[in-house]
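Please keep the sequence and the coordinates in view while reading.

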Amino acid sequence: TNLRFVVLVCSGPGPLEISWVGSVMRLTIFAIAAALEEHQAHSMHVMVDHQANVAHVGRDQPEVHEHNHVSQEDAGDHSEAPRPLAAAQVKQVPCEAGETGVEPADGSYLHCRPWTCPAGHRVHGLHMRQRREVHALSDEEWQRYADAINKFYQRPAPQYLANSTTLWGINGEPGATAYVHLHQTTHHGHMHFNFLPFHRRLVLEVETHLQHLSGSCELTIPYWNWAAEKHQFGKSEVWSEDRFGHLKAGCVDNGVANGWKYEKCLNRGDTQLWTPHLYGKVLPDWKSLQKKLKQQKMYEDVRPTFEYWHNSMHCAVHGDMCTLKAPRDPIFYVHHAFIDRAWAMWQDMHPGDEARGCAGCTGLEAFGGVDPKEYVGWTDPDLGCIKMPVSDPQTCLSFEAEPQSVLDLQKEGERQTAEARQQRIAAQHGIRSSRTDDDPTDPSHFCFCTR
């Protein structure tokens, strides 16, 4: 039986004056839970070491594959896609020498893969995917993504999703709902060594789904570098009515998720849940995040760090994001795209075999028991992207660096935090302070919770 921990330490509905000692006690409770979780994960590793029978995956892989589609009818409105084809099922298709092309965004084995015709039949390369920071998207690019994510919420999931997972049936439910079920019911996706490869595969599959819905091979899930905006988390542009909608208590009533409902409306917390000084302690800023990644050289060390940051951000948003139903909220995917980016950065910082491995990982039963190492990936130094799956690469994932405007957000946040600290010191010495309830250092309200 898997041992699961839920730590929920929150104030009541009204303001709660707390002391420094109270803050330490709450952090101590979280630290104890984290230590127990890590002990449980290591114990599980010892058990599965004698049970796992996972084939070794080689690192050196060819760049192209001589496969092609079995004849399929076009999906037309992109509401359905053919069943994915395994390599053995794919037949060669003749072509004229010198021809080139790209396979359609249909969710199949050859989804969006480019092809050339050197010898009378199609030879396929890799589908190149580059994710960008969400603030770098133009309004037009954002609208394309927003249209796709709303189709994801509204339209029945294609049958190929049911064929690629083992935990749930589709039963005509929307794709977004199907992924909520997968996230809720998967084993070893959280508080386990599988955490990073499970979510990399999950985000990759959702991205494929969005490309299928939009009919675009270029569309990717943007990532949100919330670490660069740690000091003004709740004031980020991502919470505007033109992006993901307001961060406030109650139902989300604007932005891309306006009016979304599952069993009930999509909801988040209010500003009083993310402004307390405690979140300034548990959410890293961009500089400290990169420093920590450089210090931790082993997968078994860095994985709990990622999960700690991941959990804290989930519950800084609060509401549905602070539960296993988090994929209800479209902010879930840009958050996990950022975790994926940070993991890719860590992999580049530590290119040795130890860091490239997945110590303690077991088969991803949510995806047919596939070896997690397939989605640890292999970074091609010439292409500058991560090839996946490792044993039969079909896609190569990279991340565009944050624009300078995002990095400037960190500097501005540091400046505002320093000013707030000076105001607090002045207030402690009896000097009138201009601090307001929106001050991120104000301890008047306190809430910390993590899965």
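A crossing is called left-handed if the near helix is turned anticlockwise from the far one by less than a right angle, and right-handed if it is turned clockwise. By that convention, the crossing of α7 and α8 is right-handed, while α5 passes α9 in a left-handed crossing. The model is predicted, so that local features need pLDDT of at least 70 and side-chain atom pairs count only at pLDDT 80 or more, whereas totals for chains, interfaces and linings use all residues. Residues are numbered from 1 along each chain as its sequence is written, and side-chain values use heavy atoms, with hydrogens and water left out.

**Terms for the helix pairs**

- Helices (H or I, at least four residues) and strands (E, at least two) are DSSP runs numbered from the N terminus.
- Axes are lines fitted to C-alpha atoms, for helices over the stretch in contact, and angles run from 0 to 180 degrees between N-to-C directions.
- Angles under 35 degrees count as roughly parallel, over 145 as roughly antiparallel, 65 to 115 as roughly perpendicular, and the rest as oblique.

**Helices α7 and α8**

- Helix α7 (residues 286–295) packs on helix α8 (residues 299–317) at an angle of about 160°, with the axes 10 Å apart, and this angle makes α7 roughly antiparallel to α8.
- Contact (heavy atoms within 4.5 Å) brings Leu289, Lys292 and Leu293 in α7 against Val302, Thr305, Phe306 and Trp309 in α8.
- The residues of this contact of α7 with α8 comprise 5 nonpolar, 1 polar and 1 charged, where Ala, Val, Leu, Ile, Met, Phe, Trp, Tyr, Cys and Pro count as nonpolar, Asp, Glu, Lys and Arg as charged, and the others, Gly among them, as polar.

- The axes of α5 and α9 lie 10 Å apart at an angle of about 125°, which makes α5 oblique to α9.
- Residues making that contact include Leu202, Val203 and Val206 of α5 and Phe332, Tyr333, Ala344 and Gln347 of α9, and by class the contact of α5 with α9 has 11 nonpolar, 3 polar and 2 charged residues.
- Between α5 and α8 the angle is about 60° and the axes are 9 Å apart, and the two helices are therefore oblique to each other.
- Here Phe195, Leu196 and Pro197 in α5 meet Tyr299, Arg303, Phe306, Glu307 and His310 in α8, a contact of 5 nonpolar, 1 polar and 2 charged residues.

- A cavity is a set of points, on a 1 Å grid over the protein atoms alone, where a 1.4 Å probe fits but cannot get out, and lining residues have an atom within 4 Å of a point.
- There are 2 cavities of 30 Å³ or more, and the largest cavity holds about 50 Å³ of space.
- The largest cavity is lined by Phe195, Leu196, His199, Arg200, His336, Ile339, Asp340 and Trp343, and the elements giving two or more residues to this lining are α5 (195–214) and α9 (331–349).

**Backbone geometry**

- Most residues other than glycine have a negative phi, and most peptide bonds are trans.
- Cys112, in the loop between β2 (100–102) and β3 (114–116), has a positive phi of about 60° although it is not a glycine.
- The peptide bond from Met388 to Pro389 is cis, with omega near -15°, and Pro389 lies in the loop between β9 (385–388) and β10 (395–399).

Note on methods: 1 Å grid on protein atoms, 1.4 Å probe; cavity = no way out; pocket = protein on both sides within 12 Å on 5 of 7 lines; lining within 4 Å. Points joined across faces, edges and corners; volume = space filled by probe spheres on them.
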